[in-house]
Every structure is written in C-alpha cells, then in structure tokens.
Amino acid sequence: MAGEIKKAAVLGSGVMGMAIAGHLAGCGLDVLMLDIVPFDNMLSESEKKRKDTDPSVRNKLGNQSLKAALKWKPPASALFSKKIVDRITIGNFDDDFEKIADCDWIIEVVVERLDIKKQVLANVDKYRNPDSIVSTNTSGLSIVKMSEDCSDSLKKHFMGTHFFNPVRFMKLLEIVPHPLCDPGLSGFMAEFCSERLGKGVIWGKDTPNFVANRIGVHGMMCTMRLMQDMDMRIDEVDAIAGKPMGRPKTASFKTADLVGLDTLVHVADTIVENCPDDEARDVVAPPEMLKKLVEKGALGNKTRAGFYKRGPNKERLVLDWKTMEYVPVQKFEYESVAAAMKAKSDPAKQIKTLVEGDDKAASFAWKMVSESLVYSANRVPEIADMVIEVDNGMKWGFNFKLGPFETWDALGLEYVVERLEKEGRPVPVAVKTMLEKGNKSFYKQEGNKKYQYDIANHKYVEIPGDERVIMLPELGKEKKVAHNDGGTIWDIGDGCACLEFHTKMNAVDNDTIEMQNKLVELLEQGKFEAGIVSNHAENFSVGANIFMILMAINNNQVDEVEKLVNDFQQANMRMKYCKRPIVTAPVGMALGGGCEMTMHGQKVVGAAETYIGLVEVGVGVIPAGGGCKELAVRMTEGLPDGAQVPLLSVYKVAFENIATAKVGMGFIEGQELGYLRKTDIMVPNKDHVMKRAKEVALGMAAAGFEPGRPRNDIPAAGESAKAAFMIAVDGMKNSGWATEYDQFIATKLAHVITGGTRYEGQLISEQELLDLEREAFMSLLGEEKTKERIQYMLLNNKPLRN
C-alpha cells in the first residue's frame with residue numbers, strides 16, 4: 001500500500017452503495033460503481049432484446065441509482081454537488097469486474113446475505129491489485145465467515161467499514177478489522193476515513209451488528225416493551241424519549257420509521273439468532289406489533305406508513321398498538337419533561353433531572369435509560385475493548401448527546417447501582433468491581449489529560465488527544481486575550497488568534513462587531529501573526545440579531561440601527577484588508593450576516609457541511625454587511641482589463657442568488673453559487689476545521705501576505721441590466737412566483753447590485769456599493785411589510801410571503 005487512496009470501487013449501487021459512491025466522489029476520489037446485469041424481470045421488452053449488447057441496458061441498475069441520486073435532497077442527498085457525478089463511472093459485474101485492479105480501495109455493498117457477499121469477495125480476490133484495501137459495508141454479518149474462502153492476501157487487507165445512512169451526513173464509521181488484517185493498514189484506513197471522508201471512526205469487534213446497532217437496537221426494542229408494560233401510547237413515549245432525554249426529536253418510534261421497520265426487524269433478528277449468550281435476547285426479539293406492521297408492508301417512511309403516517313388531510317396519525325389502527329397524534333405534558341427541557345444546555349443535568357422526577361414520564365425514562373446502561377456495561381469488552389467506542393458510536397450513529405457510559409457518570413454510578421438494587425434488578429459485574437476498587441466514574445480528567453476506565457483490566461487509561469482538533473474551552477482562561485458578551489479572542493498558539501462568537505445562534509450584534517475590530521487591532525499591533533474566525537457551535541452564524549433591530553426600529557432608534565449596519569460593514573472591510581491574514585472558518589449555517597462575515601475573510605477554510613447564503617429577503621430587506629458588494633466583486637474578478645464582456649450575464653447570478661435567497665447546501669455548492677471562491681478550502685471533518693484554518697492562516701503569513709487595497713475599479717452592470725432584472729421579476733410576479741412586495745424588494749436590490757444609476761462598465765468602488773447597500777437596507781426597514789416579515793420570522797422561524 002503506497003499510503004494513498006485515489007480511486008475506489010463500490011460494488012453495489014443500491015441506496016447505500018450510491019450514497020457511499022457519492023460521498024467518496026464528493027471528497028475527491030474517482031469512483032467505479034458496479035452492479036449486476038439486470039434480470040429479465042427488471043427489463044422492458046425492448047431492453048430484453050438489447051440486453052446482450054447495449055451497455056445502457058447492462059448498466060441499468062447503476063445508471064438508475066445515479067439518476068435517482070441527482071434528485072435526492074438533504075437530508076437524504078448523497079451528492080455534495082450534481083457536478084461530482086463526473087467522478088463516478090458506472091459498470092456491471094459481468095463486463096467490468098477486472099477494472100477493480102486499478103482501484104486502491106474496493107468496498108462491497110451488496111445485499112445483506114452471506115452467500116452473495118462470499119461470491120462477490122471471491123471475484124474480488126480474483127481481480128484485485130494485491131496491495132488494494134478490501135472492505136465490506138455489512139451492518140453486522142461476520143467479517144471472518146464472509147472471507148473464509150478467500151486468500152490470505154485478501155484477509156490481510158480486509159476489514160469492515162460500516163457507514164451509517166445517510167452516509168454524507170452521519171458521522172459514524174465502524175471499522176472492524178479481520179484478525180489477519182495488517183494493523184498498520186487498518187490504522188491508515190482510520191486516519192484516511194477521518195481526515196479525507198470526515199468520519200468519526202470507532203473500533204468494533206466481529207460480533208453481530210458490531211457496536212452502535214447492537215446497543216441502539218436493544219434500546220429501541222426495550223422501549224417498545226416498556227411502553228406496552230406501562231400502558232403508554234407511541235406518541236407519548238416519543239414526547240419523552242427525544243429532546244428531553246438529550247436525543248434527536250425523532251425519539252424512538254419516528255427513528256424506527258426513518259430507519260425502516262423491516263431493517264429494524266432484520267437487525268434485531270441477527271442478534272437473537274447469533275447471540276445465544278446475550279442475556280437480553282428475549283427483550284431484543286421484535287414484538288408482535290412490529291412484526292405485524294412489517295407483514296402488511298407498513299415499513300415506515302419509505303412506504304409512508306409505519307408507527308406514524310399522514311391522514312387524508314395531511315394530519316399526523318399514530319399507531320394505536322392495541323388495536324393496530326391509526327389515531328390522531330396527541331400532545332403530552334409532564335413536569336419532569338418540562339424541567340428537563342429547561343436544563344437542555346447541560347446534557348448531564350438534563351438526563352439527571354428527567355429520571356429523578358416523580359411522574360409517569362420520569363418513571364418511564366428511568367426504566368428505559370437504566371436498561372440501556374446495564375446492557376451496555378455488559379457488552380464491553382464483548383463488542384469493543386473500550387467504553388469510549390460505545391459512547392462515540394451512540395453519539396455519532398444515533399445523535400445522542402451522551403453515550404451510555406457518559407450517562408452512567410452523569411447519573412452517578414453509586415446512584416444507579418443503589419436504585420437498581422432497591423428495585424431488585426441485576427447490576428453489571430464490571431460496575432460492582434469498579435466501585436469495590438474505589439472507582440466511581442467511567443471517565444476522569446487530571447490536568448489536561450483525559451482518562452477512561454478499562455473494564456477488562458480494571459484500570460484507567462489515557463484517552464489519546466487528536467492533534468488535528470483544537471478545543472477552545474480546554475485552552476484555559478490564561479489563553480483568553482479579550483472577551484465581551486458577544487465573543488472571545490483566544491491565543492491558540494504559534495502566533496495565531498481565534499475569534500469565537502457566543503451570542504444566541506452566533507447572531508451579529510454590537511458586541512460581535514466590537515470583537516471583530518479588536519481582532520484586527522491585535523493583528524495590526526503585531527500581537528499575533530495571523531487570525532481565524534471560528535467556533536464550536538452547531539452553526540457559524542445565522543446573521544444579524546433581527547429581534548434587536550426590530551425593537552430599535554419600533555422605538556424610533558433609526559440612527560442607532562444605521563450606525564450598527566455601517567459598523568458591521570466597516571468591521572468586515574477591516575478584516576478583509578487587515579495587513580495580517582484573517583481566515584474565516586465556518587461550520588454549519590453561515591447565513592445573512594454570517595455569510596457576509598465569511599466572505600470578508602481573506603481565505604475561507606470551511607466544513608463540507610457549510611450551508612451558506614444571503615437570505616435577507618426572507619425578512620424583507622437586502623444584505624447590507626457587504627454581501628451585495630462582495631458578490632459584485634466576485635462575479636467580476638478575473639475579467640481582463642478592457643474586455644468587452646456582457647455584464648448582464650455576469651451579474652445575473654449575483655442578483656438571482658440574493659433575490660431568491662439561494663443557499664449553498666454544502667461547501668461545494670457555496671463555491672458554485674459564488675459565495676465561496678474556488679480557491680477556498682473544504683475540510684470534510686468539521687472537527688478539523690479550526691486547526692486547518694490556523695495552519696492556512698499561518699502559512700499565508702509566512703509566505704509574505706499582502707492584502708491589497710479596497711477596490712475602486714469594479715465594473716457596474718448598469719441601468720440596462722437593472723431593466724432586464726426587473727422584467728424577469730415582473731414575469732415571476734405575474735406567474736405567481738413572487739408577491740408585489742417581493743418585486744418591491746427586488747427593485748431595491750437591482751438598484752444596488754447594478755451600481756445605482758451607472759451605465760454598463762462604469763467603474764464603482766467597494767465603499768460606494770456599501771453605501772448603496774446601507775441606503776436600500778434602511779429604506780426597506782422602514783416599510784410596514786418588512787416589519788411584518790421580521791415579526792413573523794421571529795414567531796414562526798420561517799419567512800412570510802406578504
């Protein structure tokens with residue numbers, strides 16, 4: 001193995017095969033995707049006649065999957081961009097299998113049947129390059145049995161690489177090496193999948209369903225049985241087992257519908273059939289209500305009916321498990337749930353608050369959680385050597401805020417054990433042994449080092465740090481350089497500073513603007529060589545604090561609002577032209593003002609899942625922090641001096657982006673829309689963004705950074721382009737795609753984006769564009785319909801079309 005993967009073969013083009021192929025292509029790999037030649041019952045009469053000679057027929061399954069993937073939308077989308085399909089080559093097993101010899105990594109993703117997987121691996125053994133890595137995406141079949149007929153060469157290069165669906169968005173990847181697999185090779189794959197594919201890797205053992213599904217499916221089946229034992233409703237359970245418990249809003253039964261009830265039964269049956277010593281086999285066995293749903297084809301979201309479905313009037317219905325009929329969804333209120341939601345900012349406090357309540361919801365939550373805690377403690381070291389693998393598996397694969405062993409610590413081992421014993425329930429031997437030895441938690445921290453408890457060897461072992469990750473809170477108070485209510489500037493080492501925002505949703509306000517200016521000051525004073533703007537929040541920044549702006553307008557504080565807008569414009573310009581480099585490093589949503597701040601970084605290093613756009617029209621205004629100006633700059637940069645280019649076509653993209661509030665659904669789409677430059681850097685793993693941004697910023701400084709000067713040579717699109725834009729908007733209004741007020745906003749936008757009253761090609765400066773932005777923004781802010789839009793957005797979290 002040369003230590004590099006450039007090309008991969010994906011064997012199987014079903015939902016998972018296509019999703020894996022799409023993700024690999026999006027992360028820069030060339031992909032060969034193969035599937036079977038379709039059987040006759042999959043073909044039309046015309047196709048049957050051409051089956052032996054026509055590649056389009058022989059490659060039908062792969063072509064269909066690729067075509068379908070182009071229509072998928074987040075959160076199901078497998079593709080960072082439709083353009084990346086150019087990296088995917090379609091073929092079939094009969095005609096193209098030998099092409100896998102050119103691939104560095106071969107991934108088997110065929111149907112979950114051991115006999116079929118063995119057949120595919122036999123062919124892989126025949127045609128593969130001896131140095132290639134071979135893996136299977138099985139969700140729980142035996143790695144050893146699957147490859148037992150293969151050569152030792154393949155076994156030394158073989159492992160399970162279990163991606164979770166949807167592949168692009170789910171962080172978890174379970175790696176399960178074959179016993180003969182070269183440890184250096186599996187280590188390389190863990191590094192590669194983390195760095196290049198953005199995955200959170202855990203190590204599992206070759207046991208049925210590996211790690212996350214073993215624990216997760218037990219929890220889901222246990223929840224169903226507890227619901228029946230306590231005579232509760234499905235929607236009642238989901239009202240407890242979701243956000244109040246620090247878990248996704250899909251809770252238990254909505255998650256089951258999302259996964260697919262047939263898949264859930266298959267995974268549960270795998271445990272029952274292959275784990276004879278599992279003490280919870282009877283709990284894991286699918287209950288009758290679940291089997292009945294599968295028998296009648298109610299498989300969840302994919303059949304539009306499962307535990308939930310929509311009624312004839314789109315009303316939400318839920319299954320009454322006693323009658324197997326659907327009834328209207330109800331709302332449930334419990335004091336323990338309300339108390340837990342108040343503590344949601346602290347997951348440990350939240351779960352403790354919930355289970356220590358004294359109502360029915362608290363009783364259910366305790367039984368549900370404690371069953372999972374006991375089961376998890378009994379599975380180590382059976383399914384994984386270390387408890388952190390289980391915790392990360394549940395956090396990254398099921399989106400729990402806390403894994404089971406972190407939950408043990410949150411509740412307190414002594415508390416859980418005492419309560420279990422009081423109820424006459426068994427306590428895991430491993431936990432009893434821990435307490436007897438005086439160890440009262442699965443995790444502990446000493447200084448800057450973190451430790452986890454090694455259950456098998458009865459001792460604490462250090463958790464290795466990841467040099468690719470910077471965690472600001474772990475730097476210590478002494479590394480805080482400046483601070484206010486809106487942000488903190490940290491010394492992150494090597495002469496680099498990091499500006500972190502911490503307003504609600506990282507919204508832009510006076511405090512964040514003050515910290516932008518402070519960062520520039522520190523850099524220009526020579527206190528640091530470079531700076532980055534980044535944070536650990538779910539979203540980089542969702543824009544301006546519109547509530548604050550609305551209150552100011554309602555209190556006739558117009559001048560204060562205009563000053564805020566001007567201050568934000570100038571802070572962004574100071575960042576852009578700071579004499580030392582500033583790199584913006586977004587993760588998650590960078591919308592409105594967050595997008596504008598991102599665009600004013602001298603370089604952007606962002607996560608693959610960066611959702612970026614200028615969405616201000618949704619609240620009745622246009623971008624005024626430099627967003628219009630920056631798109632004008634980006635659309636025209638690179639045009640040769642004196643070139644006679646039709647500027648209408650150049651500015652059309654900028655106008656459409658803003659007028660329709662287009663959002664790049666990922667970093668690559670952000671580049672395609674012009675919010676990000678082609679030279680900006682995408683980082684697949686969001687945990688690595690901050691460190692990579694630091695490296696880039698310091699690299700720019702070391703290379704001899706020169707920011708340039710504010711531009712005064714931007715060619716305006718002119719009055720003719722403005723007229724063309726308004727004709728297009730008028731057509732949208734007449735066809736019902738835009739309201740009269742949308743048209744009014746678009747008129748203001750067209751005036752700004754085309755350069756005011758200038759003619760085509762007449763030069764305009766950045767500052768003049770900023771002045772036009774600010775003037776249009778303030779005029780729109782005084783409109784009653786804009787105030788209505790802002791109020792509606794605040795109340796409903798979605799735009800109003802008025």
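Buried means under 20% relative accessible area. At 15% relative accessibility, F398 therefore counts as buried. The legends below describe close-up views of a predicted model.

**View 1. F164 and F398 form an edge-to-face ring pair.** The structure holds 13 aromatic pairs. In one of them, the ring centres of F164 and F398 lie 6.5 Å apart. The planes meet at 70 degrees, so this pair is edge-to-face. F164 has a relative accessible area of 8% and is buried. F398, at 15%, is buried too.

**View 2. F93, F97 and Y127 form an aromatic cluster.** Ring pairs link these residues. A pair of aromatic rings is described by the distance of the centres and the angle of the planes.

**View 3. Strand β22 pairs with β20 and with β23.** Strand β22 covers residues 610-613. With strand β20 (residues 588-591), the pairing is parallel and runs over 4 bridges. M589 stands opposite Y611 of β22. With strand β23 (residues 663-665), β22 pairs in the antiparallel sense over 3 bridges. Here I612 stands opposite G664 of β23.

**View 4. Residues of strand β22 point two ways.** In a regular strand the side chains alternate between the two faces of the sheet. In β22, T610 and I612 point one way. Y611 and G613 point the other way. Are these residues of β22 buried or exposed? All of T610, Y611, I612 and G613 are buried.

**View 5. Lysine charges sit over tyrosine rings at K352 and K444.** The charged end of K352 sits over the ring of Y415. Its distance from the ring centre is 5.0 Å. For K444, the ring below the charged end is that of Y451. Here the distance to the ring centre is 5.9 Å.

**View 6. F547, M551 and L794 make a nonpolar surface patch.** The patch has an area of about 270 Å². F547 lies in helix α24 (residues 546-554).

Conventions
Residues are numbered from 1 along each chain as its sequence is written. This is a predicted model: local features need pLDDT of at least 70, side-chain atom pairs count only at pLDDT 80 or more; totals for chains, interfaces and linings use all residues. Side-chain values use heavy atoms; hydrogens and water are left out. Patches are made of residues with over 30% relative accessible area and no salt bridge: like charges are joined within 9 Å, nonpolar side chains (Val, Leu, Ile, Met, Phe, Trp, Tyr) within 5 Å. Accessible areas come from the Shrake-Rupley method with a 1.4 Å probe; for residues, only the protein chains shown count as cover. A salt bridge is a side-chain nitrogen of Lys or Arg within 4 Å of a carboxyl oxygen of Asp or Glu. Helices (H or I, at least four residues) and strands (E, at least two) are DSSP runs, numbered from the N terminus. Buried means under 20% relative accessible area, exposed over 50%, partly exposed in between (1.4 Å probe, protein chains only). Two strands pair if DSSP finds at least two bridges between them. Rings of Phe, Tyr and Trp (its six-membered ring) pair if their centres lie within 6.5 Å; planes under 30 degrees apart count as stacked, over 60 as edge-to-face and the rest as tilted. A charge sits over a ring if NZ of Lys or CZ of Arg is within 6 Å of the ring centre and within 35 degrees of the ring normal.
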